[in-house]
Amino acid sequence: MNHMPRFKPFRPPALKNIAQAAILFIAISLGNPAYSQSTLPTLGDTSEMTAGAERRLGDRIARELYRDPDYIDDPVLVEYVQSIWQPLLAAARARGEISDELHERFAFEVFLGKDRSVNAFALPGGYFGLHLGLLAVVSSRDELAAVLAHELSHVTQRHIARLITQEKRQTPWLIGAMILGALAASKNAEVGNAVIAGSQAVAAQGQLNFSRDMEREADRVGFVIAGQAGFDPQGFVGMFDKLQQASRLNDRGAFPYLRSHPLTSERMADMQSRQPPGSKAVPAVNSAQPAMLTARAQVLSNPGVDALRARVDLVSKSTSTSLATQAGVLYGAALASLRLRDVAGANRFAQQLQKWVDQPALPDASAQRLTGLLQAEIALAQGQPERALQRLPEPAAITSRPELLLAAQAGVVTGRQTEVAQALQSWVAGHPRDGGAWQLLATAYTAGSKAQRALRAEAEAQVAWLDYAAANDRLKAAQEMGRRLLRDDPARHDHIEASIIDTRARQVELLLREQALER
């Protein structure tokens with residue numbers, strides 16, 4: 001995908017995580033006087049940044065995150081995060097924490113980054129970042145819910161806009177540095193400093209994190225939201241304990257969350273005091289799903305050969321008698337073997353895993369499902385799409401994204417592109433911002449010799465990823481193709497499709513013009 005040319009001079013050769021991409025983009029964007037004048041409060045304005053202005057800033061950041069190589073759309077992990085995120089949003093809405101205006105204007109979307117550092121952060125406009133490193137250390141859904149509820153509360157309480165308002169008398173560069181420190185402190189501070197070197201922001205950077213009052217507010221609001229969403233309040237205590245233990249160690253960058261969200265004894269005591277009387281630690285659930293998802297996050301966030309081999313070696317070194325723990329070890333070994341292109345090893349560990357999750361002592365439908373998805377993933381990588389389809393429901397009967405995307409990939413290879421296209425059409429009708437599904441639909445249309453529809457699906461994928469220029473290019477190409485068909489082969493011209501393309505082209509043109517006005 002093409003990057004906006006004017007940002008190229010400011011971008012380092014390699015970004016270590018999506019937090020760094022966001023940091024640099026914020027600093028660069030807010031350092032642009034034209035942009036700051038059009039979207040940020042004027043220096044003498046005492047009002048807060050409007051929700052619309054904050055969303056526009058968030059969209060600009062999100063466009064860069066979608067392009068960043070560290071961004072990952074892993075259907076299994078995305079589904080897991082969404083299974084926690086959506087109840088939190090519903091609870092926040094029910095409590096009135098998300099007003100009608102914020103519900104309409106903000107994205108409330110979570111980006112996953114492949115980085116193995118333990119980090120999560122809020123961004124302007126209702127966007128959130130979550131590193132796989134954090135997924136790899138939480139031991140329960142309740143702990144992950146605690147982190148997400150805390151970050152959600154930073155947005156619902158308008159902390160970003162309030163920080164900008166507090167610094168309204170500063171230059172745009174200082175405002176950019178403020179957001180840098182407040183929202184997404186990365187594990188490599190030198191990257192951010194390189195952008196703002198020479199400005200007063202270097203001296204101010206350490207003082208611009210979320211205030212203690214904001215942290216306490218996010219804790220308290222998030223605590224209530226998580227409880228109302230059905231998560232155990234001990235998740236907050238468990239997560240705080242993990243972070244406290246990490247803070248006692250020599251932190252060499254693995255826990256940037258500690259720097260952007262510093263722990264205090266007061267915060268920890270406050271969460272402890274809010275536990276219901278007689279509250280105890282959450283009892284271990286006899287499920288292998290958490291261990292398997294943790295293993296997946298660990299493998300995907302640390303793809304080096306040595307790390308992958310170490311995951312495989314865990315099978316022979318593990319002494320745990322826990323069925324769930326052993327299932328996680330085998331799942332990680334199978335996925336690591338697949339990443340090492342050792343398909344035979346991946347199949348061997350997957351077969352062992354199947355035996356573990358099928359044991360009567362571990363009646364775990366979620367673990368069995370994850371095992372089936374992994375086996376389909378291995379079969380597809382092995383060049384056996386029919387075998388992959390045997391592990392999955394029929395495309396028309398699928399209601400879950402991981403199964404659908406795997407079945408779509410296998411179905412296109414086996415000549416079932418018409419069936420795949422129909423299933424994907426139904427999916428994107430209910431999930432229009434699913435860029436990955438749109439892209440697969442384009443592949444299915446191409447395989448079925450429906451080039452014009454493929455171009456429109458590619459355009460819709462770019463719209464979902466907020467790249468309106470790329471979407472406009474594809475829609476123009478689709479219009480030109482339609483005109484050629486009408487001229488040269490009228491019988492093949494699809495008038496309904498042409499009408500849809502023309503309508504979407506006008507809509508995207510409008511979005512593109514609005515985007516240009518922000519520059």
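**View 1. Strand E1 is mostly covered in this predicted model.** Of the 5 residues of E1, 5 are buried. Glu-109, Phe-111 and Gly-113 point one way from the strand. Val-110 and Leu-112 point the other way. All of these residues are buried, whichever way they point. In a regular strand, side chains alternate between the two faces of the sheet.

**View 2. Three strands form an open sheet with mixed pairing.** The strand order is E1-E3-E2. E1 (109-113) and E2 (120-123) stand at the edges. Each has a single partner strand, so one side of each is left without a neighbour in the sheet. Neighbouring strands are turned by 20 degrees against each other on average, direction ignored.

**View 3. Strand E3 pairs with E1 in the parallel sense and with E2 in the antiparallel sense.** Strands of a sheet pair through backbone hydrogen bonds, either parallel or antiparallel. E1 and E3 are joined over 5 bridges. Here Gly-113 stands opposite His-131 of E3. E3 spans residues 127-131 and pairs with E2 over 4 bridges. Phe-121 stands opposite Gly-129 in E3. Helix H7 (residues 141-156) packs on the sheet and touches E2 and E3. The direction of H7 makes about 20 degrees with that of E2.

**View 4. Helix H20 packs against helix H22.** Two packed helices are described by the angle between their axes and the distance between the axes. H20 (residues 365-381) and H22 (residues 401-413) pack at an angle of about 20 degrees. Their axes are 11 Å apart. The angle is under 35 degrees, so H20 is roughly parallel to H22. H20 passes H22 in a left-handed crossing. On the H20 side, the contact is made by Arg-369, Leu-373, Ala-376, Glu-377 and Leu-380. They meet Pro-402, Glu-403, Leu-406, Gln-409 and Ala-410 in H22. The residues of this contact of H20 with H22 divide into 6 nonpolar, 1 polar and 3 charged.

**View 5. Helix H16 also packs with H20.** H16 covers residues 289-301. H16 and H20 pack at an angle of about 35 degrees, with axes 9 Å apart. H16 contributes Gln-289, Met-292, Leu-293 and Arg-296. Facing them in H20 are Ser-366, Ala-367, Leu-370, Thr-371 and Glu-377. The residues of the contact of H16 with H20 divide into 4 nonpolar, 3 polar and 2 charged. Glu-377 of H20 meets residues of H16 and also takes part in the contact with H22.

Methods:
Residues are numbered from 1 along each chain as its sequence is written. This is a predicted model: local features need pLDDT of at least 70, side-chain atom pairs count only at pLDDT 80 or more; totals for chains, interfaces and linings use all residues. Side-chain values use heavy atoms; hydrogens and water are left out. Axes are lines fitted to C-alpha atoms, for helices over the stretch in contact, and angles run from 0 to 180 degrees between N-to-C directions. Helices (H or I, at least four residues) and strands (E, at least two) are DSSP runs, numbered from the N terminus. Angles under 35 degrees count as roughly parallel, over 145 as roughly antiparallel, 65 to 115 as roughly perpendicular and the rest as oblique. A crossing is left-handed if the near helix is turned anticlockwise from the far one by less than a right angle, and right-handed if clockwise. Contact means heavy atoms within 4.5 Å. Ala, Val, Leu, Ile, Met, Phe, Trp, Tyr, Cys and Pro count as nonpolar, Asp, Glu, Lys and Arg as charged, and the others, Gly among them, as polar. Two strands pair if DSSP finds at least two bridges between them. Buried means under 20% relative accessible area, exposed over 50%, partly exposed in between (1.4 Å probe, protein chains only).
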